[in-house]
Protein chains: 2
Amino acid sequence: MTRIRKASTREARQRLLGRNVSIAYNDPVKIVRGEMQYLYDDDGRRYLDAYNNVAHVGHCHPKVVGAGQQQMAVLNSNTRYLSDLIIRYAERLTATLPASLRVCFFVNSGSEANELAIRLARAHTKAREMIVLDHAYHGNTTTLIDLSPYKHDGPGGDGPPSWVHKVPLPDLYRGPYRAADPHAAEKYAQHVADSCRERLCGFIAESLPSVAGQIVLPDGYLEKVYNAVRTAGGVCIADEVQTGYGRLGTHFWGFEKYGVVPDIVVLGKPIGNGHPIGAVITSSEIAESFDNGMEFFSTFGGNNVSCAIGLKVLEVVQEEKLQSHALQVGEHLLEGLRGLKEKHEIIGDVRGSGLFVGAELVRNRDTLEPAGLEADRIVNRMREEGVLLGTDGPFHNVIKIRPPMPFSEADADLLLATLGRILSTDYAD
Amino acid sequence: MTRIRKASTREARQRLLGRNVSIAYNDPVKIVRGEMQYLYDDDGRRYLDAYNNVAHVGHCHPKVVGAGQQQMAVLNSNTRYLSDLIIRYAERLTATLPASLRVCFFVNSGSEANELAIRLARAHTKAREMIVLDHAYHGNTTTLIDLSPYKHDGPGGDGPPSWVHKVPLPDLYRGPYRAADPHAAEKYAQHVADSCRERLCGFIAESLPSVAGQIVLPDGYLEKVYNAVRTAGGVCIADEVQTGYGRLGTHFWGFEKYGVVPDIVVLGKPIGNGHPIGAVITSSEIAESFDNGMEFFSTFGGNNVSCAIGLKVLEVVQEEKLQSHALQVGEHLLEGLRGLKEKHEIIGDVRGSGLFVGAELVRNRDTLEPAGLEADRIVNRMREEGVLLGTDGPFHNVIKIRPPMPFSEADADLLLATLGRILSTDYAD
């Protein structure tokens, strides 16, 4: 009966939704309930969610749900009226950031936030040329696909426009300069310096590139890049959509890991715990340049319900000390994955920070031949075993782990044991 | 005390939010509660909201609030899992549309929806050139500002890019061809025909241009335009962000008023009653062209809470027969405004449909000299008297009336009496 219903949901979806809106897993999951780091399907089966970084403080976290429910019943209007909620949210948010980042804009998604960041950068520099990392993804609008090699160089893509300059992804495992090279960071940064040019608008990068394969940037890289970009008159944009809010464990923001201060910070996914919120925070100088006579208005951006939810998510992250929790559980997880790497040749690299982790699969540790099909098969096997994961990276061979932050050591152990069992059964060396 | 608090909210806002995020009214309102067509400020004062079309079925409509509250506590995840809610929503939505419009994409705002519409049109036509109406506004992203003369020709704007071709707004009151000209519709449409060219991607217009001044398109205009655009290989996009869901009274969708069927329909504002939702609905053919290998994913688009809310809003619109209510109250309102026009020279034109109405103010009915300052002053006086309105149009001289749909005849009478009193006192002829 349930099987039939699921099949009929799938059939209706094929008919009613765009077909390039893709579904996860060979046998898709019909999720009907969420609770912290767990999801439940239409058969009542529980899954450990090790993939949904959007539900940052946990699916249906009661405090966040309560804040949303309460505000929803009272008022949900826009920024053309005064409201204390948006002020309290902006105050609490900017308090977590370096002093130079003080002016907030609220929108409804990471894509809208990156779109706005580019507008701010252009208004400030009066220039247009942008430098991006290879394989980056910054959102689903026309301008952001232009800025996302993952999209414009991928299937259906038309390549980059003339104003987008791609530099190598500073990947110490697979890139042109690797971990053994003590000058790798400088060499990668030199590509950015070499791409700096007349009318440079800026540089944008995720603080730990995710779609590109959960890449931890080399020490010193971002500092050199920011210096070069600023010297050329450009601004530096940190896309923290996936890396902010303590996920990396060591720091609240990804850019702090590298000791740099961006000119514009872009927020999305986790800040609303699933509610559609994005935000851009910048300096007074850049905000002033943007205030050039053209009004900025987002119908829903900064509405009362979004602000009540956004504020509560931030409070919960801080009150529940989720950053230090992510550090502790993340270390445990990374250690376990390194243990699996010792035993299984297919795991070529284990990397990440806190609860933002990748395990790169290869067919050969010398040639680094990507094990993309294997990664896909393993993630589907994990789903059968009740653990939700995904793959990413240019070769789709990186298993991506970025669970809701309440994910515990016991959850990590379950993930590791399940993965170990599948590897031992299917990929015994 | 309250005054101080409001001042301090305003001061904090100046410091923490971008300053081109503007506030309505000379004496801004600090709204703390909403209930159907009424808003309440921090002094407990009630305002009649005659401006917020976003709260389509009424501020904090209990059924919509209930649907959101319930789903929020159960699950809020994304389209990579199967869900019945998105299917039920897509089914109910497409059932209101012509048979050719069957494939839905869900995003988080009208801007995101228009962005996606342009991507769909380009994927389908493999062309780039777009025709837009003068003074149009389609959203706040880079591409949409390129498509919005209201923005790119306004303060801080850089003019249109080479791929955007602007045609005259078919304004029968102030435009180059006026109501007295029996061939005005054809003449306006001819500008579109003349703008059709090689590599035409398409034409986009609001079904009743709003920012341009609440312009009702001339009979026959859109049909001729659509024919010309399609003959040139382009697609026709109806921006229904402000005009859909029965607001026009006579029809559920704005384009139906003109007897045309668009290739792509764009939805936003009212469909979530304040919750961030946007949607694009298109033909199977265009959806297939878009399915070219590039995945489309919106982290929040089509999430369970957005779909539960979106579905409930649509149900309420239909169950409460808000379209016929809008027709009835709108006729009453238009009649009252026409009565005021008889008495007050400053009202040059009254136009609209259902609860989407404009009153254009002029200093001279022959020269049509725009009374922009007067419109601003009247709207601020109305706000003092407890009625919330706005101004729009290229000269900011059109008083815009588009209340939540529960707005009653008694509310219309209050608005008319207040406006009449202000006009008699301040603009006695």
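**Figure 1. Packing of helices H11(A) and H13(A) in the predicted model.** In this predicted model, helix H11(A) and helix H13(A), the latter spanning residues 409–426 of chain A, pack at an angle of about 15 degrees, with 9 Å between their axes. Because angles under 35 degrees count as roughly parallel, H11(A) is described as roughly parallel to H13(A). The crossing of these two helices is right-handed. On the side of H11(A), the contact involves Val329(A), His332(A), Leu333(A), Gly336(A) and Leu340(A). These residues meet Glu409(A), Ala412(A), Leu416(A), Leu419(A), Gly420(A) and Leu423(A) of H13(A). By class, the contact of H11(A) with H13(A) contains seven nonpolar, three polar and one charged residues.

**Figure 2. The boundary between the two domains of chain A.** Chain A is divided into domain 1, made of residues 2–57 and 321–426, and domain 2, made of residues 62–319. The C-alpha centres of domain 1 and domain 2 of chain A are 25 Å apart. At the boundary, 27 residues of domain 1 of chain A are in contact with 28 residues of domain 2 of chain A. The elements that give two or more residues to the domain 1 side are helix H11 (322–343), strand S11 (347–353), strand S12 (356–361) and strand S15 (398–401) of chain A. Of this side, the largest share, five residues, comes from H11(A). By class, the side of domain 1 of chain A that touches domain 2 of chain A has 13 nonpolar, nine polar and five charged residues.

**Figure 3. The interface between chain B and chain A.** The contact takes 82 residues from chain B and 83 residues from chain A. Elements of chain B that give two or more residues to the side touching chain A include helix H1 (2–16), strand S1 (31–35), helix H4 (110–125) and helix H9 (284–290). By class, the side of chain B that touches chain A has 33 nonpolar, 33 polar and 16 charged residues. Of the interface residues of chain B, 100% are also interface residues in chain A, so the copies meet through the same surface.

**Figure 4. The rotation axis relating the two chains.** Chain B is superposed on chain A by a rotation of 180 degrees with 0.0 Å of shift along its axis, at an RMSD of 0.0 Å. This is the relation of a two-fold axis. Among the residues of chain B, Gln69(B) comes closest to the rotation axis, with its C-alpha at 2.5 Å.

**Figure 5. Packing of helices H7(B) and H8(B).** Helix H7 (residues 184–195) and helix H8 (residues 221–231) of chain B pack at an angle of about 20 degrees, and their axes are 9 Å apart. H7(B) and H8(B) are therefore roughly parallel to each other. H7(B) passes H8(B) in a right-handed crossing. Ala185(B), Glu186(B), Tyr188(B), Ala189(B), Val192(B) and Ala193(B) of H7(B) meet Tyr221(B), Lys224(B), Val225(B), Ala228(B) and Val229(B) of H8(B). The residues of this contact divide into nine nonpolar, no polar and two charged.

**Figure 6. Packing of helices H12(B) and H13(B).** Helix H12 (residues 372–384) and helix H13 (residues 409–426) of chain B pack at an angle of about 125 degrees, with their axes 10 Å apart. This angle makes H12(B) oblique to H13(B). H12(B) passes H13(B) in a right-handed crossing. Ile378(B), Arg381(B) and Met382(B) of H12(B) make the contact with Thr418(B), Leu419(B), Ile422(B) and Asp426(B) of H13(B). By class, the contact of H12(B) with H13(B) has four nonpolar, one polar and two charged residues.

Terms used
Residues are numbered from 1 along each chain as its sequence is written. Chains are lettered from A and ligands numbered from 1 in the order in which they are written. This is a predicted model: local features need pLDDT of at least 70, side-chain atom pairs count only at pLDDT 80 or more; totals for chains, interfaces and linings use all residues. Axes are lines fitted to C-alpha atoms, for helices over the stretch in contact, and angles run from 0 to 180 degrees between N-to-C directions. Helices (H or I, at least four residues) and strands (E, at least two) are DSSP runs, numbered from the N terminus. Angles under 35 degrees count as roughly parallel, over 145 as roughly antiparallel, 65 to 115 as roughly perpendicular and the rest as oblique. A crossing is left-handed if the near helix is turned anticlockwise from the far one by less than a right angle, and right-handed if clockwise. Two residues are in contact if their C-beta atoms, placed from the backbone, lie within 7 Å. Ala, Val, Leu, Ile, Met, Phe, Trp, Tyr, Cys and Pro count as nonpolar, Asp, Glu, Lys and Arg as charged, and the others, Gly among them, as polar. Copies are superposed by least squares on the C-alpha atoms of residues with pLDDT of at least 70 in both. Domain bounds come from an automatic or database domain assignment.
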